[in-house]
Amino acid sequence: MPLVPNQTDPAVIRNFCIIAHIDHGKSTLADRMLQFTGVVEERQMRAQYLDRMDIERERGITIKSQAVRLPWKDHVLNLIDTPGHVDFSYEVSRSLAACEGAVLLVDAAQGIEAQTLANLYMALEADLHIIPVLNKIDLPAAQPDKYADELAGIIGCDPSEVLRVSGKTGEGVEELLDNIVATVPAPVGDPDGPPRALIFDSVYDTYRGVVTYVRVIDGHLSRREKSMMMSTKAAHDTLEVGVISPEPKPVTGLGVGEVGYLITGVKDVRQARVGDTVTSVSGAAVKPLGGYQDPKPMVFSGLYPVDGDDYPELRDALDKLQLNDAALIYEPETSLALGFGFRCGFLGLLHMEIVRERLEREFNLSLISTAPNVVYRVAMETGQEHRVTNPSEFPEGKIAAVYEPIVRATILSPSDHIGAIMELCQSRRGVLLGMDYLSEDRVEIRYTMPLGEIIFDFFDQLKSRTRGYASLDYEPSGEQESDLVKVDILLQGESVDAFSQIVHKDKSREYGLMMTAKLKELIPRQQFEVPIQAAIGARIIARENIRAIRKDVLAKCYGGDISRKRKLLEKQKEGKKRMKTIGRVDVPQEAFVAALSTGSAADKKK
Amino acid sequence: MPSTLPDGDPVPSDGALPGSALDGLGDRPFGFYVHVPFCVTRCGYCDFNTYTATELRGASREAYADTAITEIRLARRVLGDADLPVQTVFVGGGTPTLLPADDLGRILDAIDKEFGLAADAEVTTEANPETVDAGYLARLREAGFTRMSFGMQSSREHVLAVLDRTHTAGRPQQCVRWAREAGFDHVNLDLIYGAPGESDADWRASLDAALEAGPDHVSAYALIVEEGTRLAAQVRRGEVAAPDDDAMADRYLAAEQALGGQGLRWYEISNWAADEESRCRHNLLYWTGGDWWGIGPGAHSHVGGTRWWNVKHPAAYAARLTAGTTPAHAREILDAADRRFERVMLELRLAEGCPLNLLDDAAVRGAVADGLLVPEAYDAGRAVLTLRGRLLADAVVRDLTP
């Protein structure tokens, strides 16, 4: 039987993904698989073939997943690429749900990292067959025996079952492909039932509209039938069905177990959401596949154009980004300090950084972003409740309780750093849940912690206190009531909304001192004294003074100085126009940027 | 190192001025600035257009007077035949007194011959105290000079050393006495405050020493660390501390107090004079939109809203004039907005201040409320800086201009 799409026997299909930490070589291994299976010739090969966005290639991470169909020895392998970051764990779970097997790829010189472990647990929960693989065995620093033991301990296999490969040299890759064929179960579904296909990714393409990546579970998706999204019941013409190998190739349809894409002409990824079920209008399925969730933003930040005139451009850019990012939400907001902008919701810090970077890079915007914050639930004594996504909107009046989101954090680290990690977590209001040794010298430490503490510089602190060795993963774990207060920052008695922050009461003074000191350095002296205060309600908790400037005049202004001086004053006048005026205080943009930067906690390359 | 010249529009090779500049020529006061671009050594803080002997590359002090006279004749051609009596002449540098007194006299004669000096013309030269003596000053007075301006800078040896000034403390006061003996009615002393290592007490001492010599005019300047100077490099390397603005403000207040206490009244931010006659009319011409022709390398000129400036190097300057072309490097023709801005920028520095119709009224009222402008002057229709306003004059200009 030929291996053409739409006519492939599920028995010869193997759907798998690769679970790996950001720099453990997943993309390089995927490149090697493309080469070994002959879908990409050597001369066409470019590094990290499957990572399409510039940011992905630069950061060496995968943001959006992809799927590629690889022929291998009378079988069809579908490699479903998964995002590798905690912010996108829902997307990861949907990619996993499209597979029967997972390659657990670990750097033979570094061992498993927290996010990989988290994704591994997700794969085990999804009942995937796990193939443990150590990569980079060509490195001089590789310790394959040590890490084979570690992996075997974690997944409960024999160390000899851990495969050893080098994505760089290609060593062991053929054996890995054979192992996938031999051990990953073939997909099983009802070929005659109503069609049901799982959306595991949805990508906006300028020319083609939304390209939706699907895995067919039951029945058959045909390009001749109208398709329907089960969550919204919206019907769309099916314009194209295809597979990626490694470029898109139209086919007549997709059968049980097959992986491919669907183009319906929709222009917005929110109309074809990850996790939704696609069926056909005629003979529609009744029951959607399980596991669908609406994306839920966890982190919020205000985005403002540096130049207020760019506001319409920012709005258009967000509209365009949203076509490709169903998790991005935003609504207009006005800040006294920063002007017109948007309050944006993100899945996490990395998501936030990526959006910001894309806005600046792809749309050529200069932005100021406020410090990220989480969502608070505030219950008033009157029984009223507020959902606060912007600290400056923290309600006044008698508050009964404030609830903040908490996460379950998992940290993997060499055991030498246990003390430093515990100290850090404790200082961030963490509660220790437990600790396990993964191997002789590596531990897994679990904490419950407020998400608000994680997004404030936690990751950078963790990295610096463990010399870069610790890795972090976390998952939402509900909310808790906490003693939280809003700290306002006042310039000459006027509150600067962009600097308001919600912090734990015990840390409010520390925050106030830090911000007032920082602003004293950043704001130039004015013609009058400027008090900078931090306040909780009417109570001042920290204060600094910017002394008035006493001299702002050039002593000499003779015949030869006049042109130069006029130009200098005009330039200074322009500079002043670019400042934001708070009350009477002129604050340069750079001061906002510097005061609001927290040293972001998102994953960066080590 | 001299600072760089501003960019501007090209100047026709004959130096011709636009019609707009020549409009009303003669209705405005007219003067000459003569730049003498020579120094024995370059002071560490100085970014003026001046050259030591080894930097002259073929230009010579000996030939300078003749070259300058060539430009005076060019000025006459460019400005036409209009009756244009010269109200003021100011010879600056560099060190003008490195030239023989006769050379300065010949330059003055050429101005008189081409244009005619007004009967009450003010004729000033700057002088470094170590370069003149009683005889030299007497010759200048004979040649027609009416006003001397001595670069005293400080009365403290260690401050003079930091500034690279080579005269001894006490010499400037001696120069004032010689000038008086030679018949100069008007004598100015230049002072600099805020040099690295200068204390408040040093500054007080300098003010007292200057006042004791009995000048009828004092200029006191805050030291400016100009880019490209040796001082700027020393500050950048952390070898000397940059002058502190708060200390500068205190010194300015000390100057106002000391000079005012001896009957010298401020009439421009950095200038104090005993009476109306003692004010430097030449400098007032700069500040009130008068016309002047700047003779010499790097010299700036202004005639009727056109500003131009000469090539900087003395050798290039001489070569241009020898070839019969203008030494002007570039120029700018000011539009109405530029002229208005300049008027505010310059007139606000004066004790007479600036008429309110040039200014943004709401901003003016704000500045009065903030104590930067004198309320009584505002009621009389003028914006006049208070003492605090003088120290913040640049900010006031930025705030009051539209």
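**View 1. The loop around G94(B), which lies between β2 (86-93) and α3 (101-114) of chain B.** In this predicted model, the peptide bond that leads from G93(B) to G94(B) is cis, and its omega is near 15°.

**View 2. Two residues other than glycine with a positive phi, K136(A) and R57(B).** K136(A) has a phi of about 65° although it is not a glycine, and its place is the loop between β5 (129-135) and α5 (144-155) of chain A. Because 25 C-beta neighbours lie inside 10 Å, K136(A) counts as buried. R57(B), found in the loop between β1 (30-36) and α2 (61-79) of chain B, has a positive phi near 45°. With 10 other C-beta atoms within 10 Å, R57(B) is exposed.

**View 3. An open sheet of four strands in chain A, with the order β18-β19-β17-β20.** The pairing in this sheet is antiparallel. Strands β18 (329-335) and β20 (367-369) of chain A stand at the edges with a single partner strand each, so one side of each has no neighbour in the sheet. Direction ignored, neighbouring strands of this sheet are turned by 30° against each other on average. Within the sheet, β17 (residues 299-305) and β19 (residues 339-346) of chain A run antiparallel and are joined by five bridges, and V299(A) has F346(A) in β19(A) as its bridge partner.

**View 4. Strand β21 (residues 376-380) of chain A and its antiparallel partners β22(A) and β23(A).** Four bridges join β21(A) to strand β22 (residues 385-388) of chain A, and in this pairing Y376(A) stands opposite V388(A). The two strands form a hairpin with four residues between them, and G383(A) in the turn has a positive phi of about 95°. Strand β23 (residues 399-414) of chain A is also joined to β21(A) by four bridges, with A401(A) in β23(A) as the bridge partner of A379(A).

**View 5. Strand β27 (residues 484-491) of chain A, largely enclosed by the rest of the structure.** Seven of the eight residues of β27(A) are buried, which is why the strand is described as largely enclosed. Four antiparallel bridges join β27(A) to strand β29 (residues 501-504) of chain A, where L484(A) stands opposite H504(A). β27(A) also pairs in the antiparallel sense with strand β30 (residues 530-536) of chain A over four bridges, and here L491(A) stands opposite I532(A). With strand β28 (residues 494-495) of chain A, β27(A) pairs in the antiparallel sense over two bridges, and L491(A) stands opposite E494(A) in β28(A). The hairpin of β27(A) and β28(A) has two residues between the strands, and Q492(A) takes a positive phi near 50° in this hairpin.

View 6. Eight residues of domain 1 of chain B are in contact with nine residues of domain 2 of chain B. On the side of domain 1 that touches domain 2, the elements that give two or more residues are α9 (245-261) and β7 (265-268) of chain B. By class, this side of domain 1 has six nonpolar and two charged residues, and no polar residues.

Terms used: Residues are numbered from 1 along each chain as its sequence is written. Chains are lettered from A and ligands numbered from 1 in the order in which they are written. This is a predicted model: local features need pLDDT of at least 70, side-chain atom pairs count only at pLDDT 80 or more; totals for chains, interfaces and linings use all residues. Two strands pair if DSSP finds at least two bridges between them. Axes are lines fitted to C-alpha atoms, for helices over the stretch in contact, and angles run from 0 to 180 degrees between N-to-C directions. Two residues are in contact if their C-beta atoms, placed from the backbone, lie within 7 Å. Ala, Val, Leu, Ile, Met, Phe, Trp, Tyr, Cys and Pro count as nonpolar, Asp, Glu, Lys and Arg as charged, and the others, Gly among them, as polar. A residue is buried if 20 or more other C-beta atoms lie within 10 Å of its own, exposed if 12 or fewer, and partly exposed in between; C-beta atoms are placed from the backbone.
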